[in-house]
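Here is a short note for a colleague who is new to reading structures. Keep the model open and follow the points in order.

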Amino acid sequence: MVSKRKSPKGRVAQLRTSREVYDRLRWDPAFDLSPFIVGYEERFSGMREAPLAKFAGEGEIPWHRVWYIRVGDLQVWDRKARVDLLFGSGSTQTTQHEDIQRAIAGQTAPPLSTKPKKPVSKRSKGQLPRGAQASYHYDQTRDEWLISAAIGQSAPPKDSLTLVTYNLLFDLYEPEKLATEVRVPALIALLVEADADLVALVEVTPSLLTTLLEHPWIRNHYFVSERPDGPSIAPYGQVLLARAPMHIHFYQLAGHKRIVAGFVTLAGIELCCLAIHLTSNRAEGARQIRADEFAQLRTWVDSLDPVDATIVLGDFNVYQNELDGAIADAGFVDLWPAVYPDEPGYTFHPQHNALAAFSSRTQTPRRLDRCLIRARENLLTPVDVALLGTAPLPQTVDGAITPLFASDHYGLWCLLQVQQAPEGTEIDLATLEPTHHCAVVLLPHRDLWPAIEAVRQEHDRHHDRWMPHITLLYPFVPHQHLPAAVARLDQVAATVEPFALAFDDVGHFTHGRSRTGFLAPTSTPTSALIALQQALVAAFPRCHPTPDGGQFVPHLTLGQLSRGDDFRRQLNDWRDRACSGAAHNVGEIVVIGRDADSPFRLLKRIALGSRPQVLDRGQLLADLEAICTDIILGGIRPDHVRLVHPIGSERLGVSTPDSDLDAVVIGPAWQTPEQLFAHLPTALAQHGYKVLLAHQPGRESMRLQLNDQAGATLDLDLQYVRWPSGVPLCPPANLTQAQRSTLNKAEVLSLTAILDADTIISRAANHISPAVFLATLRWLRVFARARGIYGNARTYPGGISWALLLLSTIPQGDELDATESVEACLARCLQTLHAGKLAAVGEPGPGPSPAKLHVWTPTKPAVNSTRNSTASTASRLREELARGAKLAKDRSDHWLQDLCVATDLRTVYPQLLAVQLREQDARGTLDQRFVGLVLELEASLGTTIAIDSQPHKNSRGDLIWVIGLPALNREQLAAVHTAAQAWSDGCGTAIEVVGPAPPQVFSELSRVTICLP
């Protein structure tokens, strides 16, 4: 008697329908529908079987007559026995996808022979080819290796590809002499250091694979061809690791030998990689056997549908050049002789490796391990090859062979150059095959999430994968083409103005006997949401959210409804719980994506509406030069001497369209700043600029907000320096230190800002490509701004400080690779800064510096560019650098985007203090006094706090700075209130301090947009 699984309330657990099973098998890319058989009842003939694809396609038999669905001998779904291995419903406790995949492979995987029955098809539709199984990936949330459903996903394109093959030496015989427990950590360390895109391991035993797959580096970076208890490595075998999902085929050769083949997209190209272990010389007639094995391999490779490249990695067990003719005849390039034709490249060397001497009968060095490639013309160019594990291990083990090596073989590391698309080649986004791992959506306002999620968590089986959303495009463009797709989305979004959206009703879809309930949005204007979706589909016609391109019905899914007559009552209940009726402004669309079976995450926000134009900075600087020459010198300027000098990000060359423009104006000693600043607004207006705001926070400084005739805006900060008396006007670098010492403190700092930037650029150019340095600095600044740790006025390092920190991490002399990428440079910077625990940078200047961070400027006399830092600054900065260093070490496909995800203290700290800027002209007051507030709070609490240097905005457009506070008792809250109120009173009425209060008080705040380079 079949036992029936009970639900928590004692009812019999419901069995999913045969139609639901069919839909899942049809649309889930992890499964190939063709091997499945359906058992159904025919009215007059009784039970019959048919291929499931044909049965569903003809549609003559109703679904209620289906009794079972099987693949081979495995019953995947059985109505009578209440078995459901696909969804885990009915009497089945859990899903059993791995058993299904093995059954599929058992039905369809042809053995390798000299005459293959059928070529293996490419992954043209993101589905597994016949005879393949999916690779495995590690699921952090479930703490297990799962079959990856991310078929068709690929690693992002890049200009190189690294490969590793390594025979790890099984310990099935005389294990006490091999000290595997010492060798395996050394092998893993070598693999981690190699950091390859594709790895083929040979002689992998189940216990060794279990140890490998427990390592965080492999779990975080790779898809693998076999799980820890997999059958393909008993007693030992080959394993493939790749940085993207693979289709895996296993092919039996003569005897116990087999090939592991993986189809994967890496570096933007489709690869077929074969991990092999040919017969050794211990077998009689080994040379002929190897020749036959390679002939079989070649025949199968020749039968494939075209791929970009085929790679063969592994232990060939060959004597010298015995297969060279066959390899060349098959069109393969053997990488070692291609790169080093005059070097033997022995991977098995008994004279140097004691383990090789122990296992060798002839004591002859040989090049057993090889890497072969066959690619379309010029796609992959061999650049370098190297041996791994050539040094003995420092450890010794009693009874083990001494000296001990990681293996009796040396590993082989290969670097290939990937041909780049010709300059100017454009991707045709309209024709790209979309992926179910990316989508374009609208997200509801954050205030609505709690009510919506309360319903979804109870009733939506996809709750853990999707955030609440309205789908606009799905599936969408693959990850590697997202930069081009985002640029196109930005063009479309600029043509659609923001609109209001409200959820005041519900609706449902009917799928056979099942139903899905949703919130029905209403836009104002009425057609705004439909028009937005139509504009997006016009740009991406293959990404329509309905499979047949039918009518778009805007909806936010709440869950799956019961099938009984009470579904309307349930739907009405959802309306009462989730509909707010309140209209919220929609100002952006969002690109989301996921990896393998992980939940979707936000990748990019794209604003709706016309973009503000950017004022021409170069033209403004030229106009300022002419204006200052007229006002200060009467229109007569010495040759080759500039009066206006940009500083900050503009001088460093890393400014962005939304950056302020900071500049220093130099004038003779008899001229006063007031004379220039009094005439400057009028003179700018005469040059076509509209002065929206003019503010003098100090005698030598002026702040202006400008518009040009096209409506573009820019904030301009000017600092005035009176030239030393008796010294002719000259470039600032020509002034002696004694001449600079006659200036006041503000003037010295202004001149120093010019000289510091020039010195940084000059010193960096001695050791690194200027383009790489500036691009890395842009990423570093974006990271710091997004994480709220940028800005000297708010106690964090400013632009010059970050440039000096980056400069301090660049190796001197010839240590640096001239071809180093921006990504590698940024990763090294973050890891070095974290490892150095933010040690002092530069040579200190005179006098004490009470700041907690010390980044000294290069111009004498040096000053601490992080002089406003506090204990809270140092603590928060170390936390963020530790996070950045970990991301840089792991180097996932999306680590740069993850690095620059905007932080939100509201989600971390139980108490918040908000400083609200109510008037634009009070910003200078805030800058000057913010450090005082931080110091007062630190003193009153006796602990560090979290200062968010980047502002939020509320619905009125006010700028708000948030400070995160730890959980406080009543006395501490009173101390915070007293300190904050005293500081606020000293600032005047322009600044208001709100809080401390729970995070929900600030729920309407939105982060100011951070743009990636």
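The points below go through a sheet, some helices, a loop residue and a few salt bridges.

1. Basis. This is a predicted model, where local features need pLDDT of at least 70 and side-chain atom pairs count only at pLDDT 80 or more, while totals for chains, interfaces and linings use all residues. Residues are numbered from 1 along each chain as its sequence is written, and side-chain values use heavy atoms, with hydrogens and water left out.

2. An open sheet. Start with the 4 strands in the order β22-β21-β27-β28, paired antiparallel. Strands are DSSP runs of E with at least two residues, and helices are runs of H or I with at least four, numbered from the N terminus. Two strands pair if DSSP finds at least two bridges between them. The edge strands, β22 (470–473) and β28 (601–607), each pair on one side only. Strand β27 (588–593) is joined to β28 by 6 bridges. One of the residues to check is I589, whose bridge partner in β28 is I606.

3. Helix α12 (482–493) touches β21, β22, β27 and β28. Contact means heavy atoms within 4.5 Å. The direction of α12 makes about 35 degrees with that of β28. Helix α13 (528–539) lies across β21, β22 and β27, at about 35 degrees to β22. Axes are lines fitted to C-alpha atoms, for helices over the stretch in contact, and angles run from 0 to 180 degrees between N-to-C directions.

4. How many residues of β12 (237–242) are buried? The count is 6 of 6. Buried means under 20% relative accessible area, exposed over 50%, and partly exposed in between (1.4 Å probe, protein chains only). Strand β10 (198–204) runs antiparallel to β12, with 5 bridges. Strand β11 (223–224) also pairs with β12 in the antiparallel sense, over 2 bridges.

5. An enclosed helix. In α21 (799–808), 9 of the 10 residues are buried, so the helix is largely enclosed by the rest of the structure. Its buried residues pack against α16, α19, α20, α22 and α23.

6. Helix α23 (871–890). This helix has 20 residues and spans 29 Å from first to last C-alpha, close to the 28 Å expected. The expected span is 1.5 Å times one less than the number of residues. T870 caps the N-terminal end, with a side-chain oxygen 3.2 Å from the backbone nitrogen of S872. Just after the helix, R891 has a positive phi of about 50 degrees.

7. A buried loop residue. N864 sits in the loop between α22 and α23. Is N864 buried or exposed? N864 is buried, at 5% relative accessible area. Its side chain makes a polar contact with that of T866 at 2.8 Å. A polar contact is a pair of N or O atoms within 3.5 Å; within protein, one must be able to donate a hydrogen and the other to accept it, and residues adjacent in sequence count only if both atoms are side-chain atoms.

8. Salt bridges. The structure holds 25. Each is a side-chain nitrogen of Lys or Arg within 4 Å of a carboxyl oxygen of Asp or Glu. R298 and D329 meet at 2.6 Å. R298 lies in α7 and D329 in α8, so the pair ties together parts 31 residues apart in sequence. K886 and D890 form another, at 2.9 Å. Both lie in α23, 4 residues apart. K886 is exposed at 52%, whereas D890 is buried at 19%.
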